[in-house]
Amino acid sequence: MDLNTVWFALVAVLFMGFFFLEGFDYGVGILHPFVARTDEERRAVIHTIGPVWDGNEVWMITAGGAIFAAFPQWYATLFSGFYLALFLMLVALILRGVGFEFRQKVDQPGWRSFWDGMIFLGSLVPALLWGVAVANLVRGVPIGADMNYQGSFWTLLNPYGLLGGVAAIAVFTFHGANFLSLKLPEAMADRARAAAQASAPVAVILAVLFVLGGYAYGLFGREGQLLAYLFAVLAALGLLAGWFFRAQGDDALAFWATGLGVLFATATVFAGLYPYVMPSTLNPEWGLTIHNASASPYTLRVMTYVALVFTPLVLLYQGWTYWVFRGRVELGGKGGY
Amino acid sequence: MDALGLARFQFASTTTYHFFFVPLTLGLSILVAYMETVYVATGDARYKKLAKFYGTLFMINFALGVVTGLVQEFQFGMNWSGYSRFMGDIFGVPLAIEALLAFFLESTFLGVWYFTWDKVPKGLHALFIWLVAIGSNLSALWILIANSFMQHPVGYRLENGRALLESFPALFLNPHVWLQFPHTLFAALATAGFFVAAVAAWHLLREHRVDLFTRAMRIGLFTGFVGSLLVAVVGHYQADFVVRHQPMKFAAMEAIWEDLAEPAPWTLYAAIDEKAQENRFELKLPGVLSLLTHAPENEQGKRVFPGIKTLEKRYEERFGPGHYVPPVKLTFFSFRVMVLSGLLMLLLAAVGLLLLAQNRLVAAKGFLAALIWAVLLPYIGNTAGWWTAEFGRQPWMVQDLLTIYQGVTPESVVSAGMVLLSSVGFTLLYLALGAIDVWLLVRYAQSDPEAEAKTALSY
């Protein structure tokens, strides 16, 4: 395996981690106006991700940094091409991030409901836009011979892009609902379970439609064909198992199953794209690949050493924090909450 | 304004805004860690109260630093795709390392620290905030490694119109890094020192929790003094470096249009006419510039500071016709504002320490009132310092390798209208959130650290 492939896989892993972790964060943000009725309950919901959301968001930042370092042409084309979508996403993420911090600082209903609204929108909009962005990577976008994007913001809002957007919202909501079922105080958990139950069929159907659409756009016709098929099956099994365990009332297994669903759905997209990172709809030759978009072999080698040493360390201590905050949160926020 | 002008405005506003919050994060993380360590080492609960009190202020400030950091990372690709293509092989490396080594550490352990007071052993809890402090300051190191390449490119080669990394150790050991990083670190410590002191001054002025806030004041003033002093010391070596490696920036910092032979005067003030390329009026201190730094020897073995006009000619010979002069007025005055605010900080901190040693600080009401407002000084100095460094390098994005004209995203991809929309959007958002954040900081800073229940660290 050459280093370009290694880095493609590493970027895939970063996105898998990002969608797994921020997936339930977004889901929690989307659900929190619905599963909580009082201010105290809202605090409990936010508290389920309070200590970890920031660390989870670093997965996205690291994925962005890794693309910049390993595939600078991809970074340049993607970020300049999807300009307005990224602008909206940044605004949403900014409002969500400060919302978590600001909300509790002033004890006034209007203030808190404003930031609750921002947390909701700040979770919904990025979920939607990530779905739109990934769907457009699968579908391909107009990229010219000079590697520059030739479409507009509206180019991205094609039917398949929008399908990707709503599919992402549905899957993250399902995943987030399972997370909340596991973390909320027992008195509130049933509402999260009901939300998971309701979102399960929507998530499964939209995810399947998304993969079928991907098939039409050649997602299963490239070098990573076999893996893409395998991952797609595993993703479907994960989401179905999430639905099944939800119905069985097993909070933990339901959460881990949707988590696997998210991980493998992401893996499907990357395996299917390989060796492309951004196919062009104008001319297959003009698409960005792991070769024409990559950094120099030296840079890839340096970055490989760095990643090999530090990624396991990050996984270890970040995993450890989830162990520290294991168990359900409590209503009324005792201690430092 | 065209797309390039707007993109520059957006970069300047985002970066300046981001750096309102970052220095306090860098410095205050260390001071809060110190306070908690004193508590762990001595068992003195007053330091626990201080750590919690300033820790909450830290959190309010941190939130905006993080979210503006997102824009900071994304805007290279969004507005500067030419730069990203040219430089990604080099610039992406420290950026990715920053995320992997520093951001994860900082954000993960900040969440743990904030939520585990009294739930884990004291020493372990203090370790968490130290990890946050290490993470924050490591992130400063790596982003400054990236910035230093833009100021002083090393360890690269050019191939097919792209800069490729040739030596990672050279990138890391870039002499520019090891001036800029300590300069930033000390400035951040000074910022945190003045912040801690200003909050303490507000309470002492009202003779509120005098014992507690005298302790905070001691930490704040000491850090403010040492920080401002060391910033100046490192700054001196930085100026020497700029003279040798970025002569155009130096000439702009000093508004030197014509070659200036040693012994050279230092211009205190100048009425600069950028169009006519001259100063209409100058207030000079004879010989002082030659006391501060030395010009390199020219071909005749004479020590001469090359003027902007000479340097522009040299640039045109090397790179063809064009405009290679940075905004002189802005660079000149930014530099002076930075130096002045640093000197004022040093003076204030010294006076404060003296009053503190003589037990006269609480009675010195006028001085305490001045200390509250002095919190603005480091912010002014930090901003002016970065403006000197960045405006003084224009029109180069990467010194002598890539101009802003080459770095900007082509208008066919991102139109002026799009940059205008995002610039207006970000600016309004920054203004609104900045106002709210300052309001929350002031509000919380005026609360009572002893009344824990009311101001619980909480969501």
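The model is predicted, and the predictor gives the complex an ipTM of 0.90 and a pTM of 0.92.

**How confident is the predictor?**
- Chain B has a mean pLDDT of 92, with 98% of its residues at 70 or more.
- One stretch of chain B, residues 453-459, has a pLDDT below 50. In the model this stretch still has 16 contacts beyond near neighbours in sequence.
- Where pLDDT is low, predicted coordinates should not be read in detail.

**Where the chains touch**
- Chain B brings 58 residues to the contact, and chain A brings 57 residues.
- On the side of chain B that touches chain A, at least two residues each come from α2 (45-79), α3 (81-115), β2 (162-165) and α15 (416-445).
- Which of these elements gives the most? That is α3(B), with 23 residues.
- By class, this side of chain B has 37 nonpolar, 14 polar and 7 charged residues.

**Helix α5 of chain A**
- Helix α5 of chain A covers residues 83-103, which makes 21 residues.
- Of the 21 residues in α5(A), 19 are buried, so that the helix is mostly covered.

**A pair of helices across the chains**
- Two packed helices are described by the angle and the distance between their axes.
- For α5(A) and α15(B), the axes come within 11 Å and cross at roughly 5°.
- Angles under 35 degrees count as roughly parallel, and therefore α5(A) and α15(B) are roughly parallel to each other.
- Residues of α5(A) in this contact include A:Y83, A:F87, A:V91 and A:F102. Among those they meet in α15(B) are B:M418, B:G425, B:L433 and B:L440.
- The contact of α5(A) with α15(B) has 12 nonpolar, 2 polar and no charged residues.

**A closer look at B:G111**
- B:G111 sits in helix α3 of chain B.
- Is B:G111 buried or exposed? It counts as buried because 24 C-beta neighbours lie inside 10 Å, and the cut-off for buried is 20 or more.
- Leaving aside neighbours within four places in sequence, B:G111 is in contact with A:P51, A:V52, A:D54, A:G55 and A:T321.
- B:G111 and B:A369 are 258 residues apart along the chain, and their C-alpha atoms are separated by 35 Å.

Key. Residues numbered from 1 in each chain as written. Chains lettered and ligands numbered in written order. Predicted model: local features only at pLDDT ≥ 70, side-chain atom pairs only at ≥ 80, totals over all residues. pLDDT = per-residue confidence, 0-100. Contact = placed C-beta atoms within 7 Å. Helix = DSSP H or I, 4+ residues; strand = E, 2+ residues; numbered from the N terminus. Expected span 1.5 Å × (residues − 1). Buried ≥ 20, exposed ≤ 12 C-beta atoms within 10 Å, placed from the backbone. Nonpolar A, V, L, I, M, F, W, Y, C, P; charged D, E, K, R; others polar. Axes fitted to C-alpha atoms, helices over the stretch in contact; angles between N-to-C directions. Parallel < 35°, antiparallel > 145°, perpendicular 65-115°, else oblique.
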